[in-house]
Amino acid sequence: MLAKPLRMALGSLLIQKQLGFSDRELVEELTENPYFQYFIGLPGYQTEPPFVPSLLVEFRKCLTDDILGEINEMIIAYNTPDDPTPGGESNPNATETDTAENNGTLILDATCAPQNISFPQDVNLLNEARENLEGIVDDLCRRFDYCVPRMYRRNARKDYLNLAKCKKRTGKKIRKAIKQ
């Protein structure tokens with residue numbers, strides 16, 4: 001068995017303690033959640049579990065409550081400033097924005113933002129809507145034993161493909177395709 005880093009063990013136990021997961025639930029959550037994977041120190045998102053659930057027993061044996069208390073005290077001591085006033089002197093006239101400096105870079109996560117956004121006037125959206133509507137009509141007709149109405153599907157598909165093949169789509173061609 002390969003050794004796991006302390007950050008992985010400590011982070012996993014913190015997540016488990018905070019959210020009340022069982023060992024198996026924790027491994028499932030770590031597999032599904034990219035934020036948890038980042039928290040425990042994985043270099044990127046992975047779909048396979050970072051470790052087996054039985055390894056958490058070993059983590060708990062190595063990281064006892066005393067050791068976790070010491071680690072917590074070290075984190076608090078590291079993040080508590082020795083001198084609460086910036087610059088060592090207190091200036092009653094200085095505001096927080098005057099003394100604040102840029103101390104690093106901000107990294108934003110854009111995993112939730114869609115990348116392929118279609119424009120509202122895009123003819124591809126209109127074609128996709130037409131195909132979905134045809135599918136709904138077919139499904140309703142089949143479900144209630146109705147006759148499928150005439151919708152000129154072939155003509156609509158042919159007109160869409162003619163427009164899609166054009167290298168230069170003029171406004172006149174787009175309006176004509178939309179009206180049909």
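Helix α1 (residues 6–19) and helix α2 (residues 23–32) pack with their axes 10 Å apart and at an angle of about 115°. Here helices are DSSP runs (H or I, at least four residues), numbered from the N terminus, and axes are lines fitted to C-alpha atoms over the stretch in contact, with angles running from 0 to 180 degrees between N-to-C directions. The two helices α1 and α2 are therefore roughly perpendicular to each other, a term that covers angles of 65 to 115 degrees. The crossing of α1 and α2 is right-handed, meaning that the near helix is turned clockwise from the far one by less than a right angle. On the α1 side the contact (heavy atoms within 4.5 Å) is made by S12, I15 and Q16, and on the α2 side by D23, L26 and L30. By class, three residues of this contact are nonpolar, two are polar and one is charged; Ala, Val, Leu, Ile, Met, Phe, Trp, Tyr, Cys and Pro count as nonpolar, Asp, Glu, Lys and Arg as charged, and the others, Gly among them, as polar.

The model is a predicted one, in which local features need pLDDT of at least 70 and side-chain atom pairs count only at pLDDT 80 or more, whereas totals for chains, interfaces and linings use all residues. Residues are numbered from 1 along each chain as its sequence is written, and side-chain values use heavy atoms, with hydrogens and water left out.

Seven salt bridges are present in the structure, each defined as a side-chain nitrogen of Lys or Arg within 4 Å of a carboxyl oxygen of Asp or Glu. One of them pairs D23 with R60, the closest N and O atoms being 3.0 Å apart. Because D23 lies in helix α2 and R60 in helix α4 (residues 55–62), this pair ties together parts that are 37 residues apart in sequence. D23 counts as buried at 19% relative accessibility, while R60, at 35%, counts as partly exposed; buried means under 20% relative accessible area, exposed over 50%, and partly exposed in between, with a 1.4 Å probe and protein chains only.

R143 is exposed, with a relative accessible area of 54%, and R142 is exposed at 57%, whereas D139 is partly exposed at 29%.

Helix α7 also packs against helix α8 (residues 153–165), their axes coming within 11 Å and crossing at roughly 165°. That makes α7 roughly antiparallel to α8, the term for angles over 145 degrees. The crossing of α7 with α8 is left-handed, the near helix being turned anticlockwise from the far one by less than a right angle. V123, N124, N127, R130, E131, E134 and D138 of α7 meet R153, A156, R157, Y160 and L163 of α8. The residues of this contact divide into four nonpolar, two polar and six charged.

Terms used
Angles under 35 degrees count as roughly parallel, over 145 as roughly antiparallel, 65 to 115 as roughly perpendicular and the rest as oblique.
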